[in-house]
Structure formats: C-alpha cells, structure tokens
Amino acid sequence: MSGFDQTTEGSPRPPWKIIVLVVGAVMVGGVLIAGAVLFVRSRQMVEIASQNMDRIQTQVSSLVAGCAQQEDPEACRNEKITLAASATGVVSVCQQLGGNAADSCIWTVSKERQDAPSCSLIEDQERARLCADQINQSVAIAKKDLSLCELIQDSDKRTACVDTIIGPVTSANCLERKQDASYCDGLSRFDSIVQSGDPSQCM
C-alpha cells in the first residue's frame with residue numbers, strides 16, 4: 001500500500017454528527033433570539049399605542065369639558081370629538097359619539113386619511129359602502145391603480161374609475177376590456193354607421 005494511502009487511512013474523520021448538531025443548535029438559537037426580539041418590540045409598540053391613546057383620550061376629555069356650558073352641549077361635543085379625531089388621525093376616537101354623528105365623523109376622518117378600510121367602522125352598511133367606494137375611486141385615479149378600481153362595489157363607479165384611468169370602452173378595446181360580445185358587436189356597428197355617414201343604417 002502506498003504512502004498516500006496510509007496517510008489517508010490514518011487521518012481522523014470529521015465528526016459530522018457533532019458538526020450537524022452544533023449548526024442545528026446555532027440555527028435554533030438564532031430563531032429563538034429573533035423571536036424574542038420581535039416579541040419585545042411588539043410589546044413595546046403595544047405599550048406605545050396604549051400610551052398614545054391615553055394621551056389622546058385626555059386631550060378629548062379636555063376639549064369637551066367646556067361643552068356642558070354651551071347652548072347645545074351635544075352639538076359641541078360632536079364637533080370637538082370630530083376635530084380631535086381629524087387632528088390625530090385616529091378614527092376610533094369617533095366611536096365615542098353615537099349613531100349618525102359617529103358615522104359622519106368616521107367618514108370625515110377616513111376621507112382625510114384616504115383610508116378606505118376605516119369606513120368599515122361605520123354602522124350604517126350603505127354609508128360604509130359609499131364611504132369606501134368614494135375613497136377607493138379617489139385613490140385609484142390619483143395613483144392610476146386599476147386594482148383599487150376593482151375594490152369599488154358600485155358597478156357604475158367601478159366602470160367610471162377604469163374609464164378615467166385607461167379611457168372608455170371602444171370597439172377596438174371592447175373584448176380586451178372583457179365586455180359582453182353582443183355589446184362589442186353593437187359598438188362595432190355604431191362605428192361603421194358613423195364612418196359611412198349613412199343615417200339610414202340606423203333604422
């Protein structure tokens with residue numbers, strides 16, 4: 001047997017099992033540490049949010065304190081709370097009101113923040129839908145984002161949203177815009193009549 005072979009056979013083999021265990025332990029330890037860090041940060045964020053809400057609530061209480069001496073205390077309270085919600089951008093502040101006052105406050109702040117999901121806090125479902133549709137349409141057009149148009153529940157507003165961004169449906173893009181085949185045929189016939197200049201074809 002050659003000297004090379006003897007050296008190879010005599011060399012100690014790497015302890016693969018130990019290496020695997022060490023690497024695995026390091027990975028598990030890293031995951032645990034990362035999880036602990038995320039947990040601590042999450043707790044800190046919750047505490048900060050809670051402190052902010054306490055501070056906002058104190059400000060709201062201070063604002064409405066003088067309403068009791070006003071001629072219309074309820075109107076004063078509605079106004080002050082809506083102003084506080086608007087100033088802080090915290091829609092949930094509106095829920096200190098009730099009924100239509102709360103719904104109007106939520107709609108106002110949601111619109112200011114361009115935050116359609118916040119409209120779901122409106123108790124009146126029809127108003128909640130209108131609020132979300134209005135905001136989604138506004139943001140979609142501003143950002144030219146067709147995906148936001150698809151979130152609009154009212155079909156007329158949804159179509160108007162798409163038309164504003166990419167133009168109206170024509171005979172050229174009708175099928176591409178996934179319109180009904182008979183509707184597309186009608187557009188094509190109309191275009192043909194216009195091009196021919198023959199009004200008798202309209203009969």
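Predicted model: local features only at pLDDT ≥ 70, side-chain atom pairs only at ≥ 80, totals over all residues.
Student: How are H3 and H4 oriented to each other, roughly parallel or roughly antiparallel?

Tutor: The axes of helix H3 (residues 73-88) and helix H4 (residues 99-113) cross at roughly 25 degrees and come within 9 Å. Angles under 35 degrees count as roughly parallel. H3 and H4 are therefore roughly parallel.

Student: Is the crossing of H3 and H4 left-handed or right-handed, and which residues of H4 make the contact?

Tutor: The crossing of H3 and H4 is right-handed. From H3, the contact is made by Asn78, Thr82, Ala85 and Ser86. From H4, the residues are Ala101, Cys105, Val109 and Glu112.

Student: How many residues of the contact of H3 with H4 are charged?

Tutor: The contact of H3 with H4 includes four nonpolar and three polar residues. The charged residues number one.

Student: How are H4 and H5 oriented, roughly parallel or roughly perpendicular?

Tutor: The axes of H4 and helix H5 (residues 125-143) come within 10 Å, with a crossing angle of roughly 10 degrees. The limit for roughly parallel is under 35 degrees, so H4 and H5 are roughly parallel.

Student: Which residues in H5 meet H4, and how many residues of that contact are charged?

Tutor: H4 brings Asn100, Asp103, Ser104, Trp107, Ser110 and Lys111 to the contact. In H5, the residues are Arg127, Leu130, Cys131, Gln134 and Ile135. By class, the contact of H4 with H5 has four nonpolar and four polar residues, and the charged ones number three.

Student: At roughly what angle do the axes of H5 and H7 cross?

Tutor: Helix H7 (residues 155-166) has its axis within 10 Å of that of H5. H5 is roughly parallel to H7. The crossing angle is roughly 10 degrees.

Student: Which residues of H7 make the contact with H5, and how many residues of the contact are nonpolar?

Tutor: On the H5 side are Leu130, Asp133, Gln137, Ala140 and Ile141. On the H7 side are Lys157, Ala160, Cys161, Thr164 and Ile165. The contact of H5 with H7 has two polar and two charged residues, and the nonpolar count is six.

Student: Which residues line the largest pocket, and how many of the lining residues are charged?

Tutor: The largest pocket holds about 190 Å³ of space. The lining is formed by Glu150, Ser155, Arg158, Thr159, Val162, Asp163, Val169, Arg177 and Gln179. Two of the lining residues are nonpolar and three are polar, while the charged residues number four.

Note on methods: Residues numbered from 1 in each chain as written. Heavy atoms only, no water. Axes fitted to C-alpha atoms, helices over the stretch in contact; angles between N-to-C directions. Helix = DSSP H or I, 4+ residues; strand = E, 2+ residues; numbered from the N terminus. Parallel < 35°, antiparallel > 145°, perpendicular 65-115°, else oblique. Left-handed = near helix turned anticlockwise from the far one by under 90°. Contact = heavy atoms within 4.5 Å. Nonpolar A, V, L, I, M, F, W, Y, C, P; charged D, E, K, R; others polar. 1 Å grid on protein atoms, 1.4 Å probe; cavity = no way out; pocket = protein on both sides within 12 Å on 5 of 7 lines; lining within 4 Å. Points joined across faces, edges and corners; volume = space filled by probe spheres on them.
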